[in-house]
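Let's take a walk through a protein chain together. Keep the sequence and the 3D view open as you read.

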Amino acid sequence: TEGRLKNTSSDAGYTIGFSRVERELLAKQKKPALTRFCLRRLSDGHETVFQNVSSWQFTKDGSKALAMQISPDGKPRPATLLIIDLKDGSVSPIHSIDNFMMDREGQFVVTESKSAAGTTSIQKVDLASLSTKPLLWGEFSVEAWALSKDSSTLVLLRGEENPKKEGAWTD
């Protein structure tokens, strides 16, 4: 179990997992050991549990929680990014997400989505308005990415397969 308090200490979040024995039993049954994410309001103890969550975090100002919800069969990608407003409890899902990164101040997230057709989409989601801005789209894979310290620049190491050169990636 993993737990964290948000900055305002009005909410707590923790991961609900399985014991070693339970995980071993599920593995023998060829079933995934899927964790849950629990948000608890400390003022009255109210809990909201989200199923099949692989990772989660609070925004810096403590107004929202972000959680990656994977499919019930345990396949990690694509997932659904849940944007949870801690003031009113509303949940805004963004489907078919392969990866996401939040800026240091918690103002936006950058998402990566891969289609079945082989295209990749990079988008910026404003966490206050929930508006989405496409940044990049095409046939490439993102090998690594990072935001500058001030979050003004997104750097991608992207590759494209070259069928003429086995194992070669170019950009």
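**Strands, cores and a pocket**

Start with β9 and β10 (residues 108-114), two strands that run antiparallel and are joined by four bridges. Strands and helices here are DSSP runs numbered from the N terminus: at least two residues (E) for a strand, at least four (H or I) for a helix. Before going on, note that this is a predicted model, where local features need pLDDT of at least 70, side-chain atom pairs count only at pLDDT 80 or more, and totals for chains, interfaces and linings use all residues. Residues are numbered from 1 along each chain as its sequence is written, and side-chain values use heavy atoms, with hydrogens and water left out.

Back to our two strands: Asn99 stands opposite Glu112 in β10. Both strands belong to an open sheet of four, in the order β9-β10-β11-β12, with antiparallel pairing (two strands pair if DSSP finds at least two bridges between them). At the edges sit β9 and β12 (132-138), each pairing on one side only. In general, strands of a sheet pair through backbone hydrogen bonds, either parallel or antiparallel.

Now look for the largest nonpolar core. A nonpolar core is a set of buried Ala, Val, Leu, Ile, Met, Phe, Trp, Tyr and Cys residues joined through side-chain atoms within 4.5 Å; buried means under 20% relative accessible area, exposed over 50%, and partly exposed in between (1.4 Å probe, protein chains only). This core has 13 residues, and those touching the most other members are Leu66, Met68, Leu81, Ile83, Phe100, Val109 and Leu127. Two or more residues come from each of β6 (64-69), β7 (79-85) and β9 (99-102), and β7 gives the largest share, three residues. There's also a second, separate core of eleven residues, including Phe37, Phe50, Phe58 and Ile84.

For a contrast, find Ser19 in the loop between β2 (11-16) and α1 (20-28). Ser19 counts as partly exposed because its relative accessible area is 36%. Its C-alpha atom is 9.9 Å from that of Ala33, 14 residues apart along the chain.

Last stop: the largest pocket, with about 180 Å³ of space. Of its 13 lining residues, Leu39, Arg41, His46, Thr48 and Gly89 are the closest to its centre. A pocket is an open set of points on a 1 Å grid over the protein atoms alone, where a 1.4 Å probe fits, with protein on both sides within 12 Å along at least five of seven lines; lining residues have an atom within 4 Å of a point. The volume is the space filled by probe spheres set on the points, which are joined across faces, edges and corners. β3 gives the most to this lining, with three residues.
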